[in-house]
Amino acid sequence: MSAHGSGSEFKADVREHGAGGQVSERRLFMQLQVFGGCADRKPLVAALERSRLEAVLYDDVNDPRGVGLLAMSEDPAAFVGAYRDLFNAEPFAALTLRGELTMLGRTYTSGFEQDLDEWLFRRPRRTVLNPAWPWAIWYPLRRTGAFGRLAPKEQGEIIREHSILGRAYGDADLAHDVRLACHGLDVHDNDFVIGLIGRELHPLSHLVQTMRKTIQTAQYLQTLGPFFVGHVRWQSAGAR
């Protein structure tokens, strides 16, 4: 047996179980790439429509010549395949990549989800591709090492406070979240990528403000951001 254990032990470790006893080894990966130097978004939209790739194009609120492209796929090879080809061809090739705002993550479960397909695949796609929710705030975060040393019960209570707030905003149709794990996928060693999606920008900002009062944000976050604020310019066909 190798130092990392047998293949069967490894597979058992990486599976995530829902509350119904389901097992899933599949994930949805999402990557945000941000570009500057875009004076005309029409050629970008035309290229995306020709590509038939699953994506969202945002106008960058903080850069009058900036855009963000949210790409998604269950196969991470797509990011070094079809999406890479898209970015290396015109009109994207003429833009300037803002690497400090690149974010990459995968969907994950906490073990309490009843429907894994809904949580891991359908819900994230439905959220970012909903034409009724054009505003988005995307950002990475990293917890402190102290959080990891807490007992599971303490961690659960801290996370629950966060979840209750998020659920309240979602139930009121003020803000809807996409939560991605990015362990080992982020150049800055962040833990998660968060997307806040909604009809209006103010509630998304207000949720970030409200979250700052929680124990997790106030005591156990090491870094938060940078933030990308976008408004949908184009979306691929919606998901059910």
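## Cavities, a pocket and a buried strand

By the grid rule used here, the count comes to 2 cavities of 30 Å³ or more. This is a predicted model, in which local features need pLDDT of at least 70 and side-chain atom pairs count only at pLDDT 80 or more, while totals for chains, interfaces and linings use all residues. Residues are numbered from 1 along each chain as its sequence is written, and side-chain values use heavy atoms, with hydrogens and water left out.

**Overall make-up**

The protein chain has 8 helices and 12 strands. Helices (H or I, at least four residues) and strands (E, at least two) are DSSP runs, numbered from the N terminus. Of the 240 residues in the chain, 46% are buried. Buried means under 20% relative accessible area, exposed over 50%, and partly exposed in between (1.4 Å probe, protein chains only). Contact means heavy atoms within 4.5 Å. Among contacts between residues at least 6 apart in sequence, 77% join residues at least 24 apart.

**Empty space**

Rolling a probe the size of a water molecule over the atoms shows where empty space is left. On a 1 Å grid over the protein atoms alone, a cavity is a set of points where a 1.4 Å probe fits but cannot get out. A pocket is an open set with protein on both sides within 12 Å along at least five of seven lines. Lining residues have an atom within 4 Å of a point. Grid points are joined across faces, edges and corners, and a volume is the space filled by probe spheres set on the points. For the linings, Ala, Val, Leu, Ile, Met, Phe, Trp, Tyr, Cys and Pro count as nonpolar, Asp, Glu, Lys and Arg as charged, and the others, Gly among them, as polar.

| Space | Volume | Lining residues by class |
|---|---|---|
| Largest pocket | about 1300 Å³ | 18 nonpolar, 12 polar, 11 charged |
| Largest cavity | about 70 Å³ | 4 nonpolar, 1 polar, 2 charged |
| Second largest cavity | about 40 Å³ | 4 nonpolar, 3 polar, 2 charged |

The largest pocket is lined by 41 residues. Tyr 108, Ser 110, Ile 159, Ser 163 and Arg 179 lie nearest its centre. Helix H6 (152-171) gives the most to this lining, with 12 residues. Other elements supplying at least two residues each include strand S8 (135-143) and helix H7 (201-211).

The largest cavity is lined by Thr 107, Tyr 108, Trp 119, Arg 123, Pro 124, Val 178 and Arg 179. The largest share, 3 residues, comes from H4.

Asp 177 is also found in S9. A polar contact of 2.8 Å joins its side chain to that of Arg 179. A polar contact is a pair of N or O atoms within 3.5 Å; within protein, one must be able to donate a hydrogen and the other to accept it, and residues adjacent in sequence count only if both atoms are side-chain atoms. Leaving aside neighbours within four places in sequence, Asp 177 is in contact with Arg 123, Gly 195 and Leu 196.

The second largest cavity has a lining that includes Glu 100, Met 103, His 188 and Pro 226.

**An enclosed strand**

Strand S5 (residues 67-73) is largely enclosed by the rest of the structure, because 7 of its 7 residues are buried. Val 67, Leu 69, Ala 71 and Ser 73 point one way; Gly 68, Leu 70 and Met 72 point the other way. Two strands pair if DSSP finds at least two bridges between them. Strand S3 (residues 29-36) pairs with S5 in the antiparallel sense over 7 bridges. Here Gln 31 stands opposite Ala 71. Strand S4 (residues 55-60) is also antiparallel to S5, over 5 bridges. Leu 57 has Leu 69 as its bridge partner. S4 and S5 form a hairpin with 6 residues between them.

Asp 59 lies in S4. Asp 59 is buried, with a relative accessible area of 16%. Its side chain makes a polar contact of 3.1 Å with that of Arg 41.

**Backbone exceptions**

Most residues other than glycine have a negative phi, and most peptide bonds are trans. The bond from Glu 90 to Pro 91 is cis, with omega near 10°. Another cis bond joins Gly 225 and Pro 226, with omega about 10°. Asp 173 has a positive phi of about 55°. Asp 173 sits in the loop between H6 and S9. Asp 189 has a positive phi near 60°, and counts as partly exposed at 39% relative accessibility.
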